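Hi everyone, thanks for coming.

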Amino acid sequence: MKVLKKKSETNIVHSLKIIVFIVSMGLLFSCETEEFSQQEEIPLSGLTKQEQIDVAKLGFRPGETEKIKVKGADGVTKDYYLYSDMKVPVSALKDLIAYADESLSKDESFKLTRTYNTAAGNRRYNVVFVGFEPGFQRQAAGDMIWLFNNVLRTTIRLDIKFVNNQQQLENTPRDIYIDIRNLGGDIFAISDVPFRSKPGERISINRKKMNKMSTRANLREVLMHEILHTFGMNHSDWRTNRSCGVNIADPSIETIGAVPIGGANASGNNLDSIMLACGELVGRGFMPDDIASMRGVYGFK
Ligand SMILES: [Zn+2]
């Protein structure tokens, strides 16, 4: 989920991001205990022509997709494509877009999305919140888990755990972890998408935007949006980005159906969803289309 912003700000934000990164590099050495909360994204060179064509098959607008390097909680650094608030490993892209091969039948294409682009259903996943200290943050986390389990009612259930720091995180079994750290850009958070039957492994909430997520309802809304990305849901207005005030379909993604989602509004121009590309936080909940989308992919239970 992105904060509403003007398009012309993108370049400025990008330049600022590089500056922020350079500054934070200096800080890494001066205060090591804070290392985990420092910005860990390193901007890389732009996308090649082929990469632009490929990311468009995920519904990513190529002109707004960046390549970054990010260090995970396991200390491993990987390259990612970042679009809006979603990131995918560079190494996973070929498999993630396999479904979009035009020579495939609908059935074959659907099977590939089940293999590569969604998490496995009929099971429980551990969600670990790192450094969620104030009461309202823990309440928002609890709300999100409860609503996921009891409103979406898919074949998936989430279990909640809280840890205080990275060391505790390393010793805690987890499928998804949610941390709060400094992110570049005008975004509330960044989420991983599912890959090879596993949900996206990380959601990072932007510490710099915490002033906008300072209530239980606002933080809950962001968490509810991001957790659906980790299970493969795209933005409900992915085609037009209407909630960002753009309302122009990017021709490069116009013909791509995004990841096929059963039982849901597939227009790519739907605003009745928690999955808006941009928007002000108003504490909205899971809406009928969100519920139908998740049940379409993971089943009802
Ligand atoms: Zn989003």
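Look at strand β9 and how its side chains are placed: R202, S204 and N206 point one way, I203 and I205 point the other way, and all of them are buried. By buried I mean that 20 or more other C-beta atoms lie within 10 Å of the residue's own; 12 or fewer counts as exposed, in between is partly exposed, and the C-beta atoms are placed from the backbone. In general, side chains in a regular strand alternate between the two faces of the sheet. β9 is mostly covered, with five of its five residues buried.

A word on what you are seeing: this is a predicted model, where local features need pLDDT of at least 70 and side-chain atom pairs count only at pLDDT 80 or more, while totals for chains, interfaces and linings use all residues. Residues are numbered from 1 along each chain as its sequence is written.

Now, what does β9 pair with? On one hand there is β7, joined to β9 by five bridges and running parallel to it, with I178 standing opposite I203. On the other hand there is β8, which runs antiparallel to β9 and is joined to it by three bridges; here A189 has I205 as its bridge partner. Two strands count as paired if DSSP finds at least two bridges between them. One step along, β7 (residues 176-181) also runs parallel to β5 (residues 123-130), with three bridges, and I178 in β7 stands opposite F129.

Let's zoom out to the whole sheet. Nine strands form an open sheet with mixed pairing, in the order β1-β2-β3-β4-β8-β9-β7-β5-β6. β1 (41-43) and β6 (156-163) stand at the edges with a single partner strand each, so one side of each has no neighbour in the sheet. On average, and ignoring direction, neighbouring strands are turned by 30 degrees against each other. Axes here are lines fitted to C-alpha atoms, for helices over the stretch in contact, and angles run from 0 to 180 degrees between N-to-C directions.

In total the protein has nine helices and nine strands; both are DSSP runs numbered from the N terminus, helices being H or I with at least four residues and strands E with at least two. Helix α7 lies across β4, β7, β8 and β9, at about 25 degrees to β8.

Leaving out residues up to four places away in sequence, A189 touches several others, including M1, I203, I205 and V222. Contact means C-beta atoms, placed from the backbone, within 7 Å.

Finally, two serines to look at. Most residues other than glycine have a negative phi. S84, however, has a positive phi near 50 degrees, in the loop between β3 (77-83) and β4 (86-89). S197 has a positive phi near 70 degrees, in the loop between β8 (189-192) and β9 (202-206). Are they buried or exposed? S84 is buried, with 24 other C-beta atoms within 10 Å, whereas S197 is partly exposed, with 14.

Key
Two residues are in contact if their C-beta atoms, placed from the backbone, lie within 7 Å.
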